[in-house]
Amino acid sequence: ILGRTGYPTGFMPPTLIARNISCSRVSGAETEEIVDLSVAFEPATLNLLFGPAHGGKALLLRVLGLLTEPSRGEVTILKQPTGGWDESRRREFRNRHLGFVFESPFLLPSFTVVENIAMPLLKLTGAPPEQARKATRSVLGLTGLTPCENIEADRLPLPLQLRVAVARALVIKPAVVFLENLDSLLRDEELISFLELLSVIRQQFRCCLIATAKSRELAPYANRALEIANGRIARDWNPDSLLA
């Protein structure tokens with residue numbers, strides 16, 4: 001619930017605020033929508049969005065990540081209202097301030113791990129090679145990928161490919177990282193290990209992590225859990241986290 005200041009009552013100033021957003025899209029035979037939804041997210045937190053298929057969580061992730069423009073309402077990120085931005089400005093902002101990890105890693109198959117990670121800095125932000133090298137080394141170590149940095153990314157097992165996608169998202173030092181369907185491809189120990197990595201990331205990078213997932217059983221691994229159903233927030237709670 002947003003207070004008079006525009007921030008949720010009792011929370012630190014958020015990284016991202018969505019105010020009264022509405023949106024809909026058709027996916028196959030189903031219509032997914034968001035209805036007059038308001039929510040805000042703090043820095044250095046892992047936030048999990050749960051709910052039924054086509055209940056609105058996937059569309060909400062796209063709207064918050066500036067991949068889909070709402071029909072009503074506005075998303076504000078880093079105190080910048082994005083309403084009325086054209087696609088060119090939205091794309092530039094995404095490239096510089098937002099990271100994405102989709103259900104499929106979408107890695108460049110003929111490039112090494114280190115080349116995949118460095119690509120956003122070199123191609124999207126125009127960073128000098130030395131700066132790109134330093135930033136890439138940092139996220140390689142954090143994500144445990146240093147031993148395979150010179151291996152072609154598509155030769156790695158899926159759990160490591162997802163870590164490459166995370167490192168690629170982090171290399172620009174984003175304010176928000178969006179992750180799609182955490183529990184679709186990973187299971188059991190691999191999934192827990194990945195969630196532990198996300199906890200380390202949000203603490204060290206102080207970034208806001210927003211992810212969708214199918215299973216509500218993952219809630220204890222997050223700082224905050226939101227159930228999205230029928231285009232609205234059905235439940236918003238702070239689990240007793242299993243991670244520091």
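Reader: How much space lies in the largest pocket?

Author: On a 1 Å grid over the protein atoms alone, a pocket is an open set of points where a 1.4 Å probe fits, with protein on both sides within 12 Å along at least five of seven lines. Points are joined across faces, edges and corners, and a volume is the space filled by probe spheres set on them. For the largest pocket, this space is about 360 Å³.

Reader: Which residues lie nearest the centre of the largest pocket?

Author: This is a predicted model, in which local features need pLDDT of at least 70 and side-chain atom pairs count only at pLDDT 80 or more, while totals for chains, interfaces and linings use all residues. Residues are numbered from 1 along each chain as its sequence is written, and side-chain values use heavy atoms, with hydrogens and water left out. The lining (residues with an atom within 4 Å of a point) consists of 13 residues, and those nearest the centre are N95, F100, P120, L124 and R168.

Reader: Which element gives the largest share of this lining?

Author: Helices (H or I, at least four residues) and strands (E, at least two) are DSSP runs, numbered from the N terminus. Two or more lining residues come from each of helix 2 (87–97), strand 6 (98–101), helix 3 (113–124) and helix 5 (158–170). The largest share, three residues, belongs to strand 6.

Reader: Which element gives the most to the lining of the second largest pocket?

Author: The second largest pocket has a volume of about 290 Å³. It is lined by 20 residues, and R25, E32, A58, E180 and N181 are the closest to its centre. Strand 1 and helix 1 are the elements that give two or more residues to this lining. The most, four residues, comes from helix 1.

Reader: Which strands are the edge strands of the four-stranded sheet?

Author: This open sheet has the order 2-1-4-5 and antiparallel pairing, where two strands pair if DSSP finds at least two bridges between them.

Reader: What angle does helix 1 make with strand 1?

Author: Strand 1 (residues 16–27) is joined to strand 2 by nine bridges, and L16 has F41 as its bridge partner in strand 2. Helix 1 (residues 57–64) packs on the sheet, in contact (heavy atoms within 4.5 Å) with strand 1, strand 2 and strand 4 (72–77). With axes fitted to C-alpha atoms, for helices over the stretch in contact, and angles running from 0 to 180 degrees between N-to-C directions, the angle with strand 1 is about 125°.

Reader: Why is one side of strand 6 and of strand 10 left without a neighbour in the sheet?

Author: Six strands form an open sheet with mixed pairing, in the order 6-7-8-3-9-10. Strand 6 and strand 10 (232–237) stand at its edges, so one side of each has no neighbour in the sheet, as each has a single partner strand.

Reader: Which residue in strand 10 is the bridge partner of E227?

Author: Strand 9 (residues 224–229) pairs with strand 10 in the antiparallel sense, over five bridges. The bridge partner of E227 in strand 10 is R235.

Reader: How far apart are the closest N and O atoms of E87 and R90?

Author: Both residues lie in helix 2, three residues apart, which is about one turn of the helix. They form a salt bridge (a side-chain nitrogen of Lys or Arg within 4 Å of a carboxyl oxygen of Asp or Glu), and the distance between the closest N and O atoms is 3.9 Å.
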